[in-house]
Amino acid sequence: MAFQKAVKGTVLIGGGAIATVFGLSQFSQYRNKHDTFVYVQAAEPVTVPIKNYFPTREQQLLTLQSTSEFDVLVIGGGATGCGCALDAVTRGLKTALLERDDFSSGTSSRSTKLIHGGVRYLQKAVMKLDFEQYKMVKEALHERANLLEIAPHLSAPLPIMLPVYKWWQLPYYWAGIKLYDLVAGNQCLKSSYVLSKSRALEYFPMLRKDKLVGAIVYYDGQHNDARMNLAIALTAARYGAATANYTEVLRLLKRTDPRSGKERVCGAHCRDTLTGQEFDVKAKCVINATGPFTDSVRKMDDQEVPNICQPSAGVHIVMPGYYSPDHMGLLDPATSDGRVIFFLPWEKMTIAGTTDSPTDVTSHPIPTEEDINFILSEVRNYLSCDVEVRRGDVLAAWSGIRPLVTDPNSKDTQSISRNHVVTVSDSGLVTIAGGKWTTYRAMAQDTIDAAIQAHGFNVGSSRTVGLQLEGAEHWSPTLYIRLVQDYGLESEVAQHLASTYGDRAFEVAKIAQVTGKRWPIVGKRLVSEFPYIEAEVVYGVKEYARTAVDMISRRTRLAFLNVQAAEEALPRIVDIMGKELNWSEQKKKEELDAAKKFLYYEMGYKVKSDQLTDSSEISLIPSDIERYKKRFHMFDKDKKGFITILDVQRVLESISIDIDENTLHDILNEVDLNKNGQVELNEFLQLMSAIQKGRVSGSRLAVLMKTAEENLGQRVVIPVDRSGGGL
């Protein structure tokens, strides 16, 4: 056994050495080709004038309907589709973009939040001598540098630790990571380095100590994916692209080419899903950039065309920030089933994922309990046994569909392409599929290049390298200080606004309401523990938000950070949006219900009920049952078998504590499984059992009842805010 390990180690170390030599030769080639880049600079200046505002959605729809013919019509408002629109419009093409839902409502808002070249792809490229994979990594590393440059407010370098538990792995992993740096060349973010065991534990104290040999730290980028997608869309709009969300393509329009006699795609018949109005958008070229829905649009063009998309589901979970250091991520390169798991700080929380499993294409992917538990199990493997990884600490969970594709032009149609594929159909429909978030700009450039060649447009090359996105032009790391000084915002709120809106943060600050307090002067929070303020809802409507789901998931990221907090903020969000968009009371109720359904299924809220309703989870010892019954009956003095808001209010009044009725209703509703307005003894025992097992944490009712029991007869303040607990 020891001999086998030694041989394996020797082979891998040798592979690392070969990788280094390979990397050095390619690095020389890379430097010769890219000497013009100091970091990233626009190859050609954009001559298209940019507006100091972006048109309203209503103005955009009017432009779509009144324009006789566009040069380019892009279908799909994800990162790639918006990238195509920006690339086309900055070359001087008359451009339109249609999105059935909201910008970034699909895969582009459900990523791992990394801007990366792909360490694992580089490993495969070297070990399998796959030059295509190598080129893909090299391209992604260039695009990583560009993305960090054009949107510095939304992105930043992030150190990622790779823990090493066997001595022979150290030189092997070091060679691979150093090759990653070499491939990046002069666009390497920061040089990777090796840490001793003690230093690794100093940087990442939650790490498992036993058998740890050391660690290697390398750098990739991290971003706010949904906001980045929106920034691309807004930038395209400022340059003159007619962009419209909630505009569904019902069918493609075709005409017969008088010269060839062939049918050519010449636009799309659309519907505004918010009003039901239908209209045509004519265009010389139509681009299909719909991600997982690639094949459905291709079949609008040709029913007989074979499918090329092979969707794969990736689940992520969010846990409290104390699970990871503030500025250090972690990569597990070899999980129990061979998949890679990232464990990263994000928005002061911890994000863990992702899984990779075949799935059906759907607009509403749902995270499964199986995937969530797989991620938790892997997390337990590399965190210290001192850290109890609780199922109840999952604050949010989501599933994203990665649109892997087979290249229809390749001889081996069964092979999945990890890179992107651009195809042009006989009728002129241009399809871009595959790829990943980091390379959206390169994908868009290749797509528009293909469109120019297929349709004979007389325009120049792409101008998007180094082209700054919405909010980047006058942003600086200290911009938030001006927000604090000029408007009286809390420092945390100001930092959030600066890192979300860039230099547009001042527009949000200007409409922030006065709090009436000494400090902060302006900026009413939507929920106490997150820096999102009410003014962002008003500004979000200007940014084309049209539903409550848009606001909690993409204009803010509340739904992705804590579903309970998102639900708490919903009534106020709906009220503000209702005022801005003239919603009726019925419409406001529909929006509230739709947003709660979104949280329940797509953001993992359903799992909370699942944790409590499983009767097999009630496994308390007799002494605990008696103790919890006594606590319950302290509130249920009449021994009805259930408690209501009035019961809780009575106990709180006896100890001189006043909590408003709406808050109490929310607290009880978290535990009220059958939603009958009361908490039965059985529900309470289920809750306490689930808390003991770590399947539920941070229950406000449990904390309130325990504190009331301990302090009955004393004048105390009972905290009822969430304490980092989750689903």
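**Two helices near the end of the numbering I looked up**

I began with helix H22 (residues 645-654) and helix H23 (residues 661-669), which pack at an angle of about 120° with their axes 10 Å apart. Axes here are lines fitted to C-alpha atoms, over the stretch in contact for helices, and angles run from 0 to 180 degrees between N-to-C directions. Helices (H or I, at least four residues) and strands (E, at least two) are DSSP runs, numbered from the N terminus. The crossing of H22 and H23 is right-handed; that word applies if the near helix is turned clockwise from the far one by less than a right angle.

H22 makes the contact (heavy atoms within 4.5 Å) through Ile 645, Val 648, Gln 649 and Leu 652, and H23 through Glu 661, Leu 664, His 665 and Leu 668. By class I get five nonpolar, two polar and one charged residues. Ala, Val, Leu, Ile, Met, Phe, Trp, Tyr, Cys and Pro count as nonpolar, Asp, Glu, Lys and Arg as charged, and the others, Gly among them, as polar.

**Ground rules**

This is a predicted model, with residues numbered from 1 along each chain as its sequence is written. Local features need pLDDT of at least 70 and side-chain atom pairs count only at pLDDT 80 or more, while totals for chains, interfaces and linings use all residues; side-chain values use heavy atoms, leaving out hydrogens and water.

**Second largest pocket**

I noted a volume of about 1300 Å³ for the second largest pocket. On a 1 Å grid over the protein atoms alone, a pocket is an open set of points with protein on both sides within 12 Å along at least five of seven lines; a cavity is a set where a 1.4 Å probe fits but cannot get out; lining residues have an atom within 4 Å of a point. Points are joined across faces, edges and corners, and a volume is the space filled by probe spheres set on them.

This pocket has 42 lining residues, and the closest to its centre are His 327, Trp 346, Glu 347, Lys 348 and Ser 499. H13 gives the most to the lining, six residues. I sorted the lining into 21 nonpolar, 15 polar and six charged residues. The pocket lies between domain 2 (114-223 + 311-402) and domain 3 (478-609), because both give residues to its lining. The domain bounds come from an automatic or database domain assignment.

**Largest cavity**

I found four cavities of 30 Å³ or more in the whole structure. The largest holds about 70 Å³ of space. Its lining includes His 153, Arg 227, Glu 470 and Tyr 539. H8 supplies the largest share, four residues. The lining divides into six nonpolar, two polar and four charged residues. Domain 1 (57-109 + 227-304 + 407-455) and domain 3 each give at least three residues.

I logged a cis peptide bond from Gly 353 to Thr 354, omega near 20°. Thr 354 sits in the loop between strand E14 (349-353) and strand E15 (357-358). Trp 519 and Pro 520 are also joined by a cis peptide bond, omega about -5°. Pro 520 is in the loop between helix H14 (505-510) and helix H15 (535-542). Lys 211 is not a glycine, yet has a positive phi of about 70°.
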